[in-house]
Amino acid sequence: MAQGTVQVTHTGTSRWRRRTGEYASLTAALEAAADGDVLTVAPGTYRENLVVHRAVTLRGPEGSAGSVRIAPADGVPLTVRASAVIQDLHVEGQDSAAPALLVEEGAPELSDLRIVTRSAAGMEVRGAARPTVRRCTVDNPAGVGIAVLDGAGGVFEECEIVSAGQSGVAVRDGAHPRLERCRVHHASGAGLSVTGEGSGLEAVGCEVYEIKGSGVQVTSRGTAHLTDCSVHRTSADGVTLDTDAVLTLADCDIHDIPENAVDLRSRSVLTLTRSTVRRFGRNGLSVWDPGTRVDANQCEIHDSTGDYPAVWVSDGATVILDSCRVHDVPDALFVLDRGSRADVVDSDLSQIRNTAVSVSDGATAQLDDCRIREASTGAWFRDHGSGGTLNNCTIDAAQTGVIVTKGADPTIERCTVTSPAEAGFYVSAEGRGTFDSCRVTGSEGYGFHVMDGCRSTLTRCRTERCARGGYEFPDTSGGDGHTVGPVAQECTSDESGLRGATPPAPAVLTATQTTPGLLGTMPGQRAAEPADAAPSPTAEPARDAAAVLGELDALVGLDSVKREVRALTDMIEVGRRRRLAGLKAASVRRHLVFTGSPGTGKTTVARLYGEILASLGVLEHGHLVEVSRVDLVGEHIGSTAIRTQEAFDRARGGVLFVDEAYALSPEDSGRDFGREAIDTLVKLMEDHRDAVVVIVAGYTHEMERFLTVNPGVASRFSRTITFSDYEPEELLRIVGQQSDEHEYSLAEGTGEALLKYFTALPKGPAFGNGRTARQTFESMVERHAGRVAQLSEPSTDDLTMLYPEDLPALP
């Protein structure tokens, strides 16, 4: 029942038709109208299911937008099957299974419609329909905003999806619409979704935002082309491509995305031109799987809000960056896995908090004519099979220019590293690399720093003004007189940066040199050590094992620890005697794990253990170098390996004691750099097993977890020694020793008071065992001083006796 009437203006010439007429219902008016007739609907609510099957004009009254409501109780409110013109209507759907507006045939023109429903689709276009839709609004919090299906097309201009319970715009089954200057927001699914072979979407000047799913989703051989569009404020990824999807983005802006700005998988292809990706929480570009590819030209990726690489390439995918800029991100480009490849041409990578280019697990990266500035590490080729080429690139103001480790073998040609804080090129852990016509200027460390076991080749390289020296190589003379380390040909250095050394004439390194190190022709290479270099262990008369074991026995408590150390010492000593007798000796792994609470004597026992090994001839010096996480882990990836190497070098001939070693692998580590310190340490322990003894220490539970972090960690340590907490009687003995050492005495009753005190003392995480006993003694001395200072003429007993009242209060 209509609340208004419908005026039909007839345009037919038949004498049997009236030129105008009014009808009480829309259905009657549509039945009476012929092609070209105009139906003007009076304001009101019409509870009718309309089917427009002629090319008529159906419109509301001028100047009363939204005054005509089409709102039947069920079914489809408005179905269009002709090239009609429909304007200024408010369409309300009540049926959850039916669309509010269904366009099935023809090329109708729909404008200024407001569609409100809670159904499967607000507007559905299917089959051969090709509508032109202008300034229409769809509000459907239960389903799809606009669905274009079954080969349909059409143009949608200045339309708005204000809410959608699923996708804002869904294109599938071979459909191919075009969106112009549309807005899609507050959708619970994807903003724009294209699915299926033959399905395509073209969007120009559109905005997609406030989306709970992906902003744009193209899957299953679907294609899309977006020009001058913006995608922002999504809850999931900004753009998702999966399974042979193809997407082109030109002059687009993707920003404020908490997850990946763009994620591609399964042979999908993305072409990016003059587009911007910014303010993303994970990866700017996340590219996975063989056949998946990104071609980016004149694009900018910047301002990451998370702690992930801006561009992530893995599992055999390919990324090409041409004339692009990546800046203000934690890491610029990570390429992982065999078959993965990144080609970067004429691009800028700057203000990178960690590594600009990281290549690992057999991946390849090719950089040509690129500029890397203000990065912690310019490029890092991490492991065996990883490689590629840096050609005519510049790296400026990095901590380390290029790092090559663990068998990686890149080719670096005509590259320049300027003002690195630690090294221009650093090669370690059997890294290789070919360096041709490269240059390092103004390094605060070395120009080229190549560690033992690395077979790098340097040709026509040049260093200038490097503070620690132009080249630092190991002794490369093999046992048979052949070169087994790095090879240098026609390399020169001005050596002017050496502290305290007169600049020598430029020297030339050749492959035929067999003097110790390849720097024999460069006088003064080691003339001056850096100011912060660790001094060599002080030469002191070594005590014999019995004297050191006697000091160990004098320690309070630690009975099980003493037995473990003696058993280990006996094994080493008997093995030494068997070898002297020409017998086979069992191999004894000398590296140890110390577990227990703070203050139980772990550091003291480690120092004594080093002395014992030195007295037995196992270690050259036996000195102790104590480090923790802060000494090994740098602020960026490249410096961690260098710091760990330097700590290991300081401990050569002695013991490297890593306190709270579990801090190198926190439970929520993610990409924590501590794991790099562990990996480096394990490799050094294997390569130099006879030069350094490593002891890792920490709380028992945390150390159990630490030993599972790296498969090689547990195998490097012969045994775990547990340091139990001190009993109250043992803590009393420590206080007694402190008193004797400082010429104090415990008065009658003070010992009993101390026993009660240590028994009642909370044994939480802050409890420090021996440290707590010493702190208790110091507190008693302070309270004693405060008491005795009030006496005018204190006696000797007054000056030495500690009484129960001198005990501090329990915490």
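## How exposure is judged

A residue is called buried when its relative accessible area is under 20%, exposed when it is over 50%, and partly exposed in between, using a 1.4 Å probe and protein chains only. By that scale Asp256, at 29% relative accessibility, is partly exposed.

This is a predicted model, in which local features need pLDDT of at least 70 and side-chain atom pairs count only at pLDDT 80 or more, while totals for chains, interfaces and linings use all residues. Residues are numbered from 1 along each chain as its sequence is written, and side-chain values use heavy atoms, leaving out hydrogens and water.

## Charged pairs

Let's stay with Asp256. Asp256 forms a salt bridge (a side-chain nitrogen of Lys or Arg within 4 Å of a carboxyl oxygen of Asp or Glu) with Arg279, and their closest N and O atoms are 2.7 Å apart. Asp256 belongs to strand 31 (residues 253–257) and Arg279 to strand 34 (residues 276–280), so this pair ties together parts 23 residues apart in sequence. Strands here are DSSP runs of E with at least two residues, and helices are runs of H or I with at least four, both numbered from the N terminus. Arg279 is partly exposed too, at 32%.

Arg265 makes a salt bridge with Asp263, with 3.0 Å between the closest N and O atoms. Here Asp263 is buried at 4%, whereas Arg265 is partly exposed at 31%. There is also a network of salt bridges linking Glu158, Arg178, Glu180, Arg181 and Glu202. The count of salt bridges comes to 36.

## Nonpolar cores

A nonpolar core is a set of buried Ala, Val, Leu, Ile, Met, Phe, Trp, Tyr and Cys residues joined through side-chain atoms within 4.5 Å. The largest one has 140 residues, and Leu270 is among those that touch the most other members. Beyond its neighbours within four places in sequence, Leu270 is in contact (heavy atoms within 4.5 Å) with residues including Leu241, Val262, Leu285 and Asp295. A second, separate core has 28 residues, among them Val633 and Leu656.

Look next for an open sheet of five strands in the order 61-62-63-60-64, with parallel pairing; two strands pair if DSSP finds at least two bridges between them. Its edges are strand 61 (624–627) and strand 64 (719–723).

Strand 60 (residues 592–596) and strand 63 (residues 693–698) pair over four bridges, and Phe594 has Ala697 in strand 63 as its bridge partner.
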